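Hello,

Here is the structure I promised to pass on. Please open it first; my notes follow below.

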Amino acid sequence: MEYFLNEQQKTLKSLARRIAEERILPVRAELDEREEFPWGIMKDLAEADIFRIFIPEEYEGLGGGCFELCLAVEELSRVCSGVAVSYAASALGSFPLLEYGTEEQKQKYLPDIASGKRLAAFALTEPTAGSDASAIKTTAERVKGGYVINGTKQFITNGGEAEIYTVIALTDKARGARGASAFLVEKDTPGFSFGKKEKKMGIRASSTRELVFRNCLVPEENIIGKEGMGFIVTLRLLDRSRPGIGAQAVGLAQGALEAAVDYARKRIQFGHPIISLPVVQNMLADMATNVEAARALTYAVARTIDSGAKKFTEEAAMAKVFASDTAMKVATDAVQIFGGVGYMRDYPIEKMMRDAKITQIYEGSNEVLRSTIAFELRKRKARRE
Amino acid sequence: MGIQIDLDKCVGCGECLSSCPFGLLEIIAEKVYLREGCTFCGACQEACDYQAILIEAAAEAPAAGDSYRGVWVFAEQRNGKLKSVAYELLSRGRQLADTLGTELCVICFGHGINEAQQLIAYGADKVYLMDAPALSSNQDDLYTKGLVELIEKYKPEIVIAGATSLGRSFIPRVAAILKTGLTADCTGLEIDPETGLLLQTRPTFGGNIMATIICQTKRPQMSTVRPRVFKKGTPDGRRKGQVIRVDFNKQRITSRTKLLSFIDDIIEAVKLEDANIIVSGGRGVGKAENFQLLEELAGVMGAALGSSRPPVDDGWVPYSHQVGQTGKTVCPKLYIACGISGAVQHLAGMQTSDTIVAINNDPDAPIFEVASYGIVGDLFKVVPMLIKKLKND
Amino acid sequence: MNIVVCLKQVPGTTKVNIDPQTNTLVRQGIKNIVNPFDTYALEEGVRIKERYEGKVTAISMGPPQAEEALREVISTGADEAILLSDSAFAGADTLATSHTLARAINKLKQYDIIICGRQTIDGDTGQVGPELAEMLGIPFVAYVSKIEEIDNGYMRVKRMVEDGHEVIETPLPTVITVVKEINVPRLPSLRGLAKARSAVIPIWTAQELGVDKNMVGLSGSATRVIRVFFPQRVHHGEILQGDLESQANSLIDKLREAKIISGS
């Protein structure tokens with residue numbers, strides 16, 4: 001479908017595709033197999049200015065928004081979601097700074113994130129706090145000149161590889177969710193170390209790791225916003241980032257769809273390519289329709305956010321839920337079309353199916369997000385909107 | 001010189017389209033249209049029944065100086081030992097000189113060369129030998145100046161040299177100074193019986209097309225020829241010839257570049273170019289570790305290890321093993337291609353091998369078109385079986 | 001440091017197919033690309049600039065559409081690009097091409113390092129670099145795989161020869177040709193692409209270069225292509241049949257019969 005991209009957006013999309021096809025495609029199977037962080041590709045993305053697109057021009061970015069980020073993530077994910085998420089996580093880690101950071105903080109960190117010299121990451125999840133983020137136990141105790149952080153973060157994307165972390169910790173345990181604050185913590189800060197590196201089902205090129213804080217002193221000026229704003233920062237951040245997960249899912253589904261069409265044209269059974277079988281045609285038609293619908297919704301939400309919408313919790317959740325469910329379904333159907341070989345590691349399609357699953361789980365599980373959407377519906381009815 | 005299309009005469013029949021070997025012609029609005037890249041080969045002119053295409057011949061070239069006589073071969077050496085390409089060129093040079101009824105001279109620069117008599121045995125009438133310690137290194141500048149001086153003095157009509165890294169580096173400079181034509185990487189050299197010109201045939205477009213090239217108005221006519229393209233002749237110890245020692249003039253012939261050191265990075269026991277048997281692997285070998293299997297076969301057969309381009313690009317084997325358009329040209333008695341599909345670029349480097357064996361699981365792989373013997377099958381089964389059989393005997 | 005990179009737009013050969021019916025090159029769908037070996041030349045030029053400061057000027061001789069190639073190299077780091085284009089340049093061999101390039105480089109006046117790819121993938125001659133060096137009257141080093149250092153008017157490079165590497169020192173200005181081992185060319189950047197879109201690429205014609213028309217293009221060429229044809233491959237091979245063991249036995253027997261390998 002024609003989405004009327006402007007000149008810059010077209011350039012971005014085609015460059016991201018070129019990087020994906022020339023640099024990621026040849027190594028994606030190996031990265032997956034070895035569970036290796038794609039530093040070489042991060043460098044390519046950096047050199048190509050792809051990290052600049054979500055940073056304003058005054059901090060050496062190119063001033064794009066949520067939509068530009070979606071275009072880049074989609075193209076990368078079309079070839080490898082594991083690489084796409086490593087890139088997107090740096091954007092995620094920088095959003096709190098972009099929205100709530102002080103001028104000094106922005107000047108200090110954003111140019112390096114824009115140039116891709118340093119990666120960022122966001123750390124909220126803990127062993128006891130997944131969907132229930134308010135159950136976090138990590139604390140940040142006010143001391144002279146700063147805060148002392150103690151606790152363990154779990155499943156942190158880009159953990160160990162990123163150099164700039166936005167960490168959510170409780171400054172006031174008594175106040176629960178309202179007692180959380182967001183901090184910038186740099187890698188190599190004394191008392192900050194990395195724990196277990198997770199072995200995952202999919203997106204295996206990306207790094208998912210534990211962050212361990214043992215009496216880690218961060219300077220006062222590293223708090224983002226004010227004390228107690230941690231969850232406001234988090235919720236805003238996730239609303240903004242969910243279309244990105246949508247884009248990741250759309251890209252993955254697009255890649256799986258293209259592979260399935262390609263295979264169905266070439267695979268001869270009973271004397272004909274299997275694409276001539278109505279049952280395969282029906283599957284492909286449904287896959288294509290759902291991918292386009294997911295893309296249209298994701299793009300629409302991203303453009304809404306960029307156009308200055310004040311509140312978009314519900315829409316962002318819808319894009320993420322719909323696109324991720326689509327990705328899972330499309331990837332599963334694509335494996336089905338490939339048949340036996342689709343199940344084998346020699347073909348990229350089983351990887352896509354493994355990679356798809358996480359999009360239904362992280363950045364708000366689809367169950368939690370559906371309840372978020374339902375809650376918004378209830379509120380709206382109550383307010384007679 | 002140029003090509004003219006007379007649109008009034010063109011009827012848009014399209015007969016000419018398929019005649020252009022470069023596919024440059026197309027019909028737009030019932031008239032023929034020529035895209036960029038024409039080499040003025042004249043094929044379309046012949047194909048046109050309406051005389052709508054006209055190749056304007058070059059104004060008849062002023063006859064190249066008749067004072068130019070003789071065929072010269074530049075004989076490259078390394079550490080005082082002549083490279084085999086020198087002898088290969090001698091055998092073809094001899095034929096060219098005989099056809100023209102002229103003498104064959106060999107030019108040799110270096111230090112401690114004692115093969116002059118052998119060059120005569122292989123067909124040289126004269127050997128111009130410039131021997132000085134300085135000539136064993138810093139070759140580029142010294143060779144360029146030295147060869148230019150000799151050519152200007154003795155005026156040969158043809159100069160051929162090996163398309164080695166040295167030859168491809170300094171021969172073009174000689175041609176540029178003399179403002180004459182040079183044809184690189186020739187695979188065929190003949191004398192046109194009518195004009196007496198050197199017909200130089202070479203692959204182009206990565207070996208997809210062969211072009212025959214002449215140098216009509218400038219002298220000498222110069223070519224480089226890849227090693228292994230021509231076959232070395234048989235020596236005749238009774239042949240007589242003259243060895244002429246040329247002084248190395250240190251004042252005039254100097255080098256601006258300086259060779260600081262040489263790093264030898266050939267690790268294999270048998271050098272690829274000199275091997276009688278080559279076992280070569282391609283993309284089908286799959287990964288670096290699998291090359292051990294080919295090495296084992298090479299070991300059993302006393303062969304050298306070769307490779308097509310993909311394994312080199314992927315870092316499985318060093319570049320020094322690469323056979324093909326951008327690697328080495330080889331011509332062993334036996335070339336065993338394992339898991340090599342046979343892209344034209346690869347074929348360009350090995351298809352003159354005496355016997356070619358192809359092992360590939362794709363029966364449609366182009367390598368089978370040049371293979372003397374083919375086995376359609378899994379190389380990981382075929383190669384171990386060959387090793388077993390060869391070891392048992 | 002003033003760096004000049006010479007490059008050529010060529011048909012992307014990966015898709016060069018021969019029409020089996022007409023025996024001609026199929027051009028449909030073949031995109032023109034920057035000669036791959038020249039992309040290594042450009043990348044090395046940009047790296048020298050990044051390491052020692054300076055300016056990278058890309059020069060190409062070709063038809064007007066070669067401008068695309070020059071825009072592409074601006075997106076990957078060239079500061080300026082100049083197209084040498086004139087109907088008088090058409091049909092040039094390496095002698096006429098290097099003469100034209102030399103005139104353009106002389107017109108630039110300032111140059112320290114001139115970098116070319118080792119050869120083009122269409123012509124495959126590899127002669128333009130060395131011929132250019134001679135026409136400019138400066139030193140030349142072929143097949144450079146590494147630039148080790150540039151210091152005090154000298155450059156130390158490593159170059160590939162058949163059996164190893166040579167380390168060579170050359171005074172500047174100099175011409176070098178580079179091999180693919182030297183680097184991995186970068187992809188364009190978004191800022192580079194924006195720059196490329198708006199870049200003004202001057203076109204220098206024969207008149208602007210002040211060249212004698214008899215020295216350029218077909219008239220300035222010493223060589224002429226008189227015939228082109230397709231290599232004929234006659235298939236006279238034999239596909240060995242049978243099971244694995246009998247295939248192996250039959251191959252070994254045949255090779256022994258032909259005395260290619262020894263043994264019982």
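A:D239 counts as buried, at 9% relative accessibility. Its partner is A:R242, and the two form a salt bridge with closest N and O atoms 3.7 Å apart. A:R242 is buried as well, with a relative accessible area of 8%. Both sit in helix α7 (residues 230-266) of chain A; because they are three residues apart there, about one helical turn separates them. An α-helix has 3.6 residues a turn, so residues three or four places apart point the same way.

Please keep in mind that this is a predicted model. Over all chains, the count comes to 73 salt bridges. Here are some others to look at.

**Helix α6 of chain A**

Helix α6 of chain A covers residues 103-115. The helix has 13 residues and spans 18 Å from first C-alpha to last, close to the 18 Å expected. Where does α6(A) bend? The bend is at A:Y109, by about 35°. A proline, A:P111, follows within four residues. Just after the helix, A:G116 takes a positive phi of about 80°.

A:Y109 and A:P111 are also among the buried residues of α6(A). Others in that set include A:Q105, A:K106, A:L110 and A:I113. What do the buried residues pack against? Their partners in chain A are α5 (81-100) and the strands β1 (120-123), β4 (164-170), β5 (180-186) and β8 (223-224).

A:K108 forms a salt bridge with A:E186, with the closest N and O atoms 3.6 Å apart. A:E186 counts as partly exposed, at 21% relative accessibility.

**Domains of chain A**

Chain A is divided into domain 1 (7-118), domain 2 (121-228) and domain 3 (231-382). The C-alpha centres of domains 1 and 2 of chain A lie 22 Å apart. Their contact takes 27 residues from domain 1 and 24 residues from domain 2. About 2200 Å² is buried between these two domains, and carbon and sulfur atoms give 56% of that. Which three residues of domain 1 supply more of its buried area than any other three? They are A:E35, A:Y109 and A:R118, with 30% of the area that domain 1 buries against domain 2. Six salt bridges are counted between the two domains.

A:E35 also belongs to a network of salt bridges. The network links A:D32, A:E35, A:K199, A:R204, A:E350 and A:R354.

**Chain B on its own**

Chain B has ten helices and 22 strands. Its C-alpha atoms fill a box of roughly 70 × 65 × 40 Å along the principal axes. Of its 393 residues, 58% are buried. Take contacts in chain B between residues at least 6 apart in sequence: 63% of them join residues at least 24 apart. The chain is divided into domain 1 (2-56), domain 2 (71-245) and domain 3 (272-392). The C-alpha centres of domains 1 and 2 of chain B lie 39 Å apart.

**Between the chains**

Two pairs of chains touch, and the most contacts are between chains B and C. There, 82 residues of chain C are in contact with 96 residues of chain B. The two chains bury about 7900 Å² between them, 60% of it on carbon and sulfur atoms. Six salt bridges are counted between chain C and chain B. One of them joins C:E245 to B:K389, with the closest N and O atoms 2.6 Å apart. C:K180 and B:D313 also form a salt bridge, at 3.0 Å between the closest N and O atoms. That pair runs from the loop between β12 (174-178) and α5 (190-198) of chain C to helix α7 (residues 309-313) of chain B. Is each end buried or partly exposed? C:K180 is buried, with a relative accessible area of 14%. B:D313 counts as partly exposed, at 40% relative accessibility.

Chain C also meets chain A. Twelve residues of chain C are in contact with 15 residues of chain A. The area buried there is about 1200 Å², and carbon and sulfur atoms give 61% of it. C:L187, C:L190 and C:R191 supply 54% of what chain C buries against chain A, more than any other three residues. One salt bridge is found across this interface. C:R191 forms it with A:D49, the closest N and O atoms being 3.2 Å apart.

Chain A and chain B do not touch. Their nearest C-alpha atoms are 10 Å apart.

Best wishes

Technical notes: Residues numbered from 1 in each chain as written. Chains lettered and ligands numbered in written order. Predicted model: local features only at pLDDT ≥ 70, side-chain atom pairs only at ≥ 80, totals over all residues. Heavy atoms only, no water. Helix = DSSP H or I, 4+ residues; strand = E, 2+ residues; numbered from the N terminus. Expected span 1.5 Å × (residues − 1). Bend = angle between axes of the 7 residues up to and from the residue. Buried < 20%, exposed > 50% of the residue type's maximum accessible area, 1.4 Å probe, protein only. Contact = heavy atoms within 4.5 Å. Domains from an automatic or database assignment. Buried area = accessible area lost by both parts, 1.4 Å probe. Salt bridge = Lys/Arg side-chain N within 4 Å of Asp/Glu carboxyl O.
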